[in-house]
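Here is my note on the chain you passed along. Please read it beside the coordinates.

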Amino acid sequence: MMLAPPDDRSAGRSAMTNADPRGTLRVRSSAGILSMSIATAAPLYRLFHSPGACSLAPHIALEMLAETCGVNWEPVRVVIADGANRKPEYLAINPRGRVPALSFRAADGSEQILTESTAILLFLAQRHPEAGLLPSEPTALVRSIETLSW
């Protein structure tokens, strides 16, 4: 399964905030377990995405949050063209087998998975209002949601 470590474009980004007591990221795959040392801590978010899929908008939003708010996140590539989204490892993350999927820690500390681009974008905008991802004026807000749903 192609659940790859961060893209080369994000390799230079050092920002990670939530401490991982083990200091290791482990991803199970059909080839075994891929372990990577994490320099500082685990990211706040992990976005499971595929090149050319509808996961581009959440990818851009997370890049904006990283730049404007210092939000730390990790892209995890799930190559649809290789069928990685239909493998048991990914279906355990998203039983629908679709991308994107966003992994995050809830307020109670539990790991949560959120799917579908519109839901992910609305969640990120609500969780980080200081970034101004969505307008606050009601008509402008619903017009933005209308565009997201198109």
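The points below go from the overall fold to single side chains.

1. **Basis.** This is a predicted model: local features need pLDDT of at least 70, side-chain atom pairs count only at pLDDT 80 or more, and totals for chains, interfaces and linings use all residues. Residues are numbered from 1 along each chain as its sequence is written, and side-chain values use heavy atoms, with hydrogens and water left out.

2. **Fold.** The protein chain has 4 helices and 7 strands. Both kinds of element are DSSP runs, numbered from the N terminus (helices: H or I, at least four residues; strands: E, at least two). Their order from the N terminus is β-β-β-β-α-β-α-β-β-α-α. Of the contacts with a separation of 6 or more, 58% join residues 24 or more positions apart. Contact means heavy atoms within 4.5 Å.

3. **Burial and surface.** The protein chain has 150 residues, and 37% of them are buried. The classes are buried (under 20% relative accessible area), exposed (over 50%) and partly exposed (in between), with a 1.4 Å probe and protein chains only. The protein chain exposes about 8,600 Å². Carbon and sulfur atoms supply 56% of that area. Accessible areas come from the Shrake-Rupley method with a 1.4 Å probe; for residues, only the protein chains shown count as cover.

4. **Strands 4 and 5.** Glu74 and Arg46 meet through their side chains in a salt bridge, 2.6 Å from N to O. The cut-off for a salt bridge is a side-chain nitrogen of Lys or Arg within 4 Å of a carboxyl oxygen of Asp or Glu. This pair links distant parts of the chain: Glu74 lies in strand 5 and Arg46 in strand 4, 28 residues apart. Are the two partners buried or exposed? Glu74 is buried because its relative accessible area is 5%. Arg46 also counts as buried, at 17%. Pro75 sits in strand 5 (residues 73–78). Pro75 has 1% relative accessibility, so Pro75 counts as buried.

5. **Other salt bridges.** The structure holds 4 salt bridges. One of them joins the side chains of Arg96 and Glu116 at 3.5 Å, N to O. Arg96 is in the loop between helix 2 and strand 6, while Glu116 is in the loop between strand 7 (111–115) and helix 3, 20 residues apart. Glu116 is partly exposed because its relative accessible area is 27%. Another bridge pairs Arg143 with Glu146 at 3.0 Å, N to O. Both residues lie in helix 4 (residues 138–148), 3 residues apart, about one turn of the helix. Glu146 is partly exposed, at 46%. Salt bridges that share partners join Arg96, Arg98 and Glu116 into one network.

6. **Asn94.** Which loop holds Asn94? Asn94 is in the loop between helix 2 (88–91) and strand 6 (101–105). Asn94 is buried, with a relative accessible area of 2%. Its side chain reaches the backbone oxygen of Arg98 at 2.8 Å. A polar contact is a pair of N or O atoms within 3.5 Å; within protein, one must be able to donate a hydrogen and the other to accept it, and residues adjacent in sequence count only if both atoms are side-chain atoms. Leaving aside residues up to four places away in sequence, Asn94 touches Pro100, Ala101 and Thr115.

7. **Aromatic rings.** A search of the whole structure finds 3 aromatic pairs. The rings of Phe48 and Tyr90 have centres 6.0 Å apart and planes at 55°, so this pair is tilted. Rings of Phe, Tyr and Trp (its six-membered ring) pair if their centres lie within 6.5 Å; planes under 30 degrees apart count as stacked, over 60 as edge-to-face and the rest as tilted. Phe48 is in strand 4 (residues 45–49) and Tyr90 in helix 2, 42 residues apart. Phe48 is buried at 8%, and Tyr90 is buried at 0%. Phe104 and Phe123 form a tilted pair too, 4.4 Å centre to centre with 40° between the planes. Phe104 belongs to strand 6 and Phe123 to helix 3 (residues 117–127). Both are buried. Tyr45, Phe104 and Phe123 form one aromatic cluster.
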